[in-house]
Amino acid sequence: QISKQQLQTIKDRFQAFLNGETQIVADEAFINAVQSYYEVFLKSDRVARMVQSGGCSANDSREVFKKHIEKRVRSLPEIDGLSKETVLSSWMAKFDAIYRGEEDPRKQQARMTASAASELILSKEQLYEMFQNILGIKKFEHQLLYNACQLDNPDEQAAQIRRELDGRLQMAEQIAKERKFPKFVSKEMENMYIEELKSSVNLLMANLESMPVSKGGSEFKLQKLKRSHNTSIIDMGEENENQLSKSDVVLSFSLEVVIMEVQGLKSLAPNRIVYCTMEVEGGEKLQTDQAEASKPTWGTQGDFTTTHALPAVKVKLFTESTGVLALEDKELGRVVLHPTPNSPKQSEWHKMTVSKNCPDQDLKIKLAVRMDKPQNMKHSGWKKRFFVLVQVSQYTFAMCSYREKKAEPQELLQLDGYTVDYTDPQPGLEGGRAFFNAVKEGDTVIFASDDEQDRILWVQAMYRATGQSHKPVPPTQVQKLNAKGGNVPQLDAPISQFYADRAQKHGMDEFISSNPCNFDHASLFEMVQRLTLDHRLNDSYSCLASIFFGLYLFISKQGWFSPGQVFVLDEYCARNGVRGCHRHLCYLRDLLERAENGAMIDPTLLHYSFAFCASHVHGNRPDGIGTVTVDEKERFEEIKERLRLLLENQITHFRYCFPFGRPEGALKATLSLLERVLMKDIVTPVPQEEVKTVIRKCLEQAALVNYTRLSEYAKIE
């Protein structure tokens, strides 16, 4: 796309060539062709207007010169050994050299490559940055929102979507109950409107449910689960088709066991050979290298996989038997560990269990056991029961109680329909200090942990799993307790609460704590789309780029959003229920405003949005929505009339709106769109005589406009 500054630079370069100030060698015929191109095209006020409207590209300039010289070359006499195609190629190469000036073509190509790539592929961080610029959001404000809303936490974001969809369903039921419908063109559309709202939410729910949950181990298919109505912790023997089965909550863990060294070997000769074995109960056994008793160090790592949530890791110390008849090496000591994903990851010393007749009773071994956390394991704790919060699918979570050395849970609670919250200490219940519960239709399951931080983490994890609209808040006693601590770091406060407090300090808390379902998303989307269009039209690379044999051909098609912008706007509409007709009506209005003020807008883009709205208003359901509001119909008729007037004005001023037939195909597309706008409905074609009458009237006015301007030009000369 050529800017006003670039047009002036191009003029200066061609003027320098004509003045003989460049090193480009050319004959008289080529110089005359460039002189004509410079006077007729580059200095034309029509070209200046096209550049000002953002509708002129480098490719347009090149194509105009190419068509201009084709006529001249054909009129040249034939020269033996020199074809006219060769002359054309030579002239175009010289044109490119003049146009480019002293700039290195490799730098220009690299810049264009980077620009085109940014049009096609944008990372999440780049999209964030783009929309910060579009919406005028400061960097620190974005960071506060990002941290407080936990945008980097996939579990929290999936839970937020579940809560929003549930809120939209509740809103649809409230509209039906209170009969607060928009005004439709037909009374029968009211019930259809509720069904459309629910259908759009159910589609998003199905899309979310179809997303696989990473198990962290070998892949297996997830069965489709119906909503169950279990009311308490259930016995695994009472399975039926509506409840989770044992296979749905099987976890796969990876363990690393690293044996470092042994201390306390005093009774063995320094040169005696010792080694260790390690195993996860029920799995294979691994062995370290051999070492001398005087220096029993290894640093050997063993990797294991297990389905046990509470596995038993056995490490044994052996010495080689020296007896001739000895069949087995002698065991000196052993240690049995029960790691969990929450266990310390660093190496630690452990006292080994030794037999009574062993002379070395104070054997110690230094080792590290690291147990990973599968992605579908959302939280765990080792209290009276070892609970694991397991995600089976995007909408199905279960609280599972495991016993040692068991791959399958002893008990489980499917969390569908439950609401989790903090609760006061329960009299008569022992074994915990901080209490919380899960409630469903009057049935209550009470949980307790030994410390406040553990309770907060559990409630947060279960809150994400249930998808409930009510957000649990830690009791005020805890907040007061934290407040007394002054500047001392508060271990009880979760990190998300820390960021929420920072956001509150900067006045951002109302955005974080607000319910998205309570916003007028139609108005908000209208604003976002308008600001995005402003940003797009002011972008120097807002034209579409296509690559052909390494050359960039810039086609000026103003008004089109970039792929990244379309992605964000599509997501906003789908997630917040913005109607497609409203979206395109707002888009048409914004495009018309800019076209009426002289900006070059691609008629194909206007045609697409107009056709969508026409199809919707006449009941053809382009996006599956059959309801039509009175407001949509009235706005469509208003925009239809504005569009007709704009098109007739462009055809009347075609020499100035589409100078030298540029942008390519724009005039033809404008005539096609005018024919569509003149249609009374979307089925019956407009009579050709009516179209011809409108165009004839425009051309009569065009003749007057052109004659008037030529007269003014002649007087100036």
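**Exercise 1. Find what covers the buried residues of helix 7.**

Step 1. Locate the helix. Helix 7 spans residues 124-135. Helices here are DSSP runs of H or I with at least four residues, numbered from the N terminus. The model is predicted: local features need pLDDT of at least 70, side-chain atom pairs count only at pLDDT 80 or more, and totals for chains, interfaces and linings use all residues. Residues are numbered from 1 along each chain as its sequence is written, and side-chain values use heavy atoms, with hydrogens and water left out.

Step 2. List the buried residues. They are Leu127, Met130, Phe131, Gln132 and Ile134. Buried means under 20% relative accessible area, with a 1.4 Å probe and protein chains only.

Step 3. Look at the cover. It includes helix 8 (139-148), helix 15 (521-537) and helix 16 (563-576). Contact means heavy atoms within 4.5 Å.

Step 4. Check the end of the helix. Glycine 136 follows helix 7, and its phi is positive, near 70 degrees.

**Exercise 2. Describe how helix 17 and helix 18 pack.**

Step 1. Know what to report. Two packed helices are described by the angle between their axes and the distance between the axes.

Step 2. Read both values. Helix 17 (residues 580-596) meets helix 18 (residues 603-617) at an angle of about 140 degrees, and the axes lie 9 Å apart. Axes are lines fitted to C-alpha atoms over the stretch in contact, and angles run from 0 to 180 degrees between N-to-C directions.

Step 3. Classify the angle. Helix 17 is therefore oblique to helix 18. Angles under 35 degrees count as roughly parallel, over 145 as roughly antiparallel, 65 to 115 as roughly perpendicular and the rest as oblique.

Step 4. Name the contact residues. Helix 17 contributes Gly580, Cys581, His584, Leu585, Tyr587, Leu588 and Leu591. Among those from helix 18 are Leu605, Phe610 and His616.

**Exercise 3. Is glutamine 157 buried or exposed?**

Step 1. Glutamine 157 sits in helix 9 (residues 154-178).

Step 2. Apply the cut-off. Glutamine 157 counts as buried because its relative accessibility is 18%.

Step 3. Find its partners. Leaving out residues up to four places away in sequence, glutamine 157 touches Cys149, Gln150 and Leu151.

**Exercise 4. Which residues does threonine 277 touch?**

Step 1. Threonine 277 lies in strand 3 (residues 273-280). Strands are DSSP runs of E with at least two residues.

Step 2. List the contacts. Leaving out residues up to four places away in sequence, they are Ile259, Lys285, Leu286, Gln287, Lys314, Val315, Lys316 and Phe318.

Step 3. Check one distance. The C-alpha atoms of threonine 277 and glutamine 287 are 4.3 Å apart.

Definitions and conventions:
The expected span of a helix is 1.5 Å times one less than its number of residues. Buried means under 20% relative accessible area, exposed over 50%, partly exposed in between (1.4 Å probe, protein chains only).
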